[in-house]
Amino acid sequence: MSLKFKLPIFDVENVSFSVRSQTILQNISFQIFHGEYIAIIGPNGGGKTTLIRLLLGLEKPTSGTIRIFGKKLNNFKEWYKIGYVPQRAAHVDANFPATVEDIVKMGRIAKRKLFSSMSQEDKEMVHDAMLKMDILDLKDKMVGTLSGGQRQRVMIARALASSPEILILDEPNTGVDVKSQQRFYKLLAKLNKEEGITILFITHDIGVIADDIGRLFTINQKATICNDPKKELSCEDMSELYGIEAHLIHNHRHEH
Amino acid sequence: MLEMLEYDFMQRALIAGIFIATLASLSGTFVVLRRYSLISETLAHSALVGVAVGLVAGYNPMWMAVVIAILSAWLIEYLRSSFALYSDAVLAILLSGSLALAVIIVSLGGAFNNSLFSYLFGSILSVSDNDVLTIVIFGSLSLLFLLLFSKELYFIAYDEEVAKTSGVKVNFLNFLLVTVVAIIIALSIRVVGSLLIGALMVIPTVAALQYRVGFKNTMLISLFFALFSVIFGMTLSYYFSLPSGATIVLCVITIFIISLLMNKR
């Protein structure tokens, strides 16, 4: 795969994380390359969100190293390359004074230089991001008045406005109706195929998206990596290879 | 209205008042959106400790108020981040603690008189040339900070973690914001008074939020409400010999009530 000649976006090596002697994540290693489409699943409390917070530098690993675009987390400055959509994205405080455009404009802040206001390029990127997410007609609406699905697209537009190389989404479908969810997965797949944006997201409804995803990570303290979920959703071969138990996927599919 | 402008003291009070209204409402937008409203009350009482020290020791009370308010803001941030304390409890403790300390300092120094009273409730008669100069210098610096970083501060108010992951220096800007809020509050107590400045910082924004408009317009409406309240309040205070701070606060509360009723859902 030609992608492998490039530096991985994320290079996670033997990362562990514990809080007050309670182990949340144990000895996790993986790499994420440009153009990949990866889903993370696992039980609640299994450490999915923690893993993402580690990747974003919001938490520091207890041991191990994380490299982003070849740089150690502490030295990494080009945060605009990473677009993050948190779990609570769809639950905006209804009174927060922000139009859709106000929110999407925030996406340009990472690239902003001091003393400079919005450039022509900034305006175009904000416009493009809203166009891609099909929210141009909502631009002057207050976010508090939007539906869950619409808000979700606003949050992704904000992340897209910085023209990121990777989008990281934490359970983006919480509080969103089924129809909007399907539309949302189509959008993600389109961004991945047409724009070449790498996508990493946490979900609990793996059945819906199994067709599009390239790799599947299951996280429950340890990580199991499944390289071809279409053929082998069981992951058993992979788990033997990695020496890790992979009972998760089956359990998970029966749960829902 | 024009008659009152013939007096030097009214000119000074108006310049100071316009500066303070601008600063209080602009910084107030971020303070309110971050649910920091109580910090303004607490810092106002800490500023009073500075005033007390100034009055007793013979230093410029406003300068001392600026220094003590900044130290108190830093102490609040330190306590909040380093100990397992509820942040509103930290604010409540420092609020009454500061007031108690100020009263003790003033009574030990024998300066319990009208001049302290004017710092509690504000007095337009007492604004000196020196005060105006201090307000203009520190006020301009604070204003510069707020304007330069308004987009970042807005982003932080919206979602601190997402701002962090976008490379915004969240901790540094939080620290600067409380510092600037401390300065603005200390500067305000001459005109509005330490017991009332919190209102001028918080209420114009809360009133503006009722109109449910975007960020820029919310700030502009809040600025307009603050300026109107200060100018109208001072005018009433001049013609009816009322304490300026209290009159200004009643004006801004009236605006708030009207805004609330107009936008009732």
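Predicted model: local features only at pLDDT ≥ 70, side-chain atom pairs only at ≥ 80, totals over all residues.

User: Thank you. Now chain B: how many helices and strands does it have?

Analyst: Chain B has 12 helices and zero strands. Read along the sequence, its pattern is α-α-α-α-α-α-α-α-α-α-α-α.

User: How compact is chain B?

Analyst: The radius of gyration of chain B is 18 Å, close to the 18 Å that the globule rule gives for 265 residues, so chain B is as compact as a globular protein of that length. Its C-alpha trace spans about 50 × 40 × 30 Å along the principal axes. Of the 265 residues, 54% count as buried. Among contacts in chain B with a separation of 6 or more, 76% come from residues 24 or more positions apart.

User: What about the largest nonpolar core, and which residues have the most contacts inside it?

Analyst: The largest nonpolar core has 164 residues. Those with the most contacts inside it are A:Ile168, B:Ile20, B:Ala47, B:Ala69, B:Val181, B:Ala186 and B:Leu200. Helix α1 (residues 8-33) of chain B gives the most to this core, with 14 residues. In soluble globular proteins, nonpolar side chains tend to be buried together.

User: Which residues does B:Val181 touch?

Analyst: Leaving aside residues up to four places away in sequence, B:Val181 touches B:Ser27, B:Val31, B:Ile39, B:Ser40, B:Leu43 and B:Ala73.

User: Where do chains A and B come into contact?

Analyst: In total, 19 residues of chain B are in contact with 21 residues of chain A. On the side of chain B that touches chain A, the elements giving two or more residues are α7 (150-158), α8 (160-165) and α11 (215-240) of chain B. The residues on that side divide into nine nonpolar, five polar and five charged.

User: Changing topic, is α4 of chain A enclosed or open, and why?

Analyst: Of the 13 residues of α4(A), 11 are buried, so this helix is largely enclosed by the rest of the structure. Helix α4 of chain A covers residues 148-160 and reaches 18 Å from its first C-alpha to its last, close to the 18 Å expected at 1.5 Å a residue. Its buried residues include A:Arg151, A:Arg153 and A:Arg158 as well as A:Val154 and A:Ile156. The buried residues of α4(A) pack against β6 (82-85), α2 (100-106), α3 (120-132), β7 (166-170) and α5 (178-194) of chain A.

User: And α6 of chain B: which residues are buried, and what covers them?

Analyst: The buried residues of α6(B) are B:Asp131, B:Thr134, B:Ile135, B:Phe138, B:Gly139, B:Ser142 and B:Leu146. Their cover includes α1, α3 (61-82), α7 and α9 (170-188) of chain B. Helix α6 (residues 129-148) of chain B has 20 residues and reaches 28 Å from its first C-alpha to its last, close to the 28 Å expected at 1.5 Å a residue.

Definitions and conventions: Residues numbered from 1 in each chain as written. Chains lettered and ligands numbered in written order. Contact = placed C-beta atoms within 7 Å. Helix = DSSP H or I, 4+ residues; strand = E, 2+ residues; numbered from the N terminus. Nonpolar A, V, L, I, M, F, W, Y, C, P; charged D, E, K, R; others polar. Rg over C-alpha atoms; globule rule 2.2 N^0.38 Å. Buried ≥ 20, exposed ≤ 12 C-beta atoms within 10 Å, placed from the backbone. Core = buried A, V, L, I, M, F, W, Y, C linked by C-beta atoms within 7 Å. Expected span 1.5 Å × (residues − 1).
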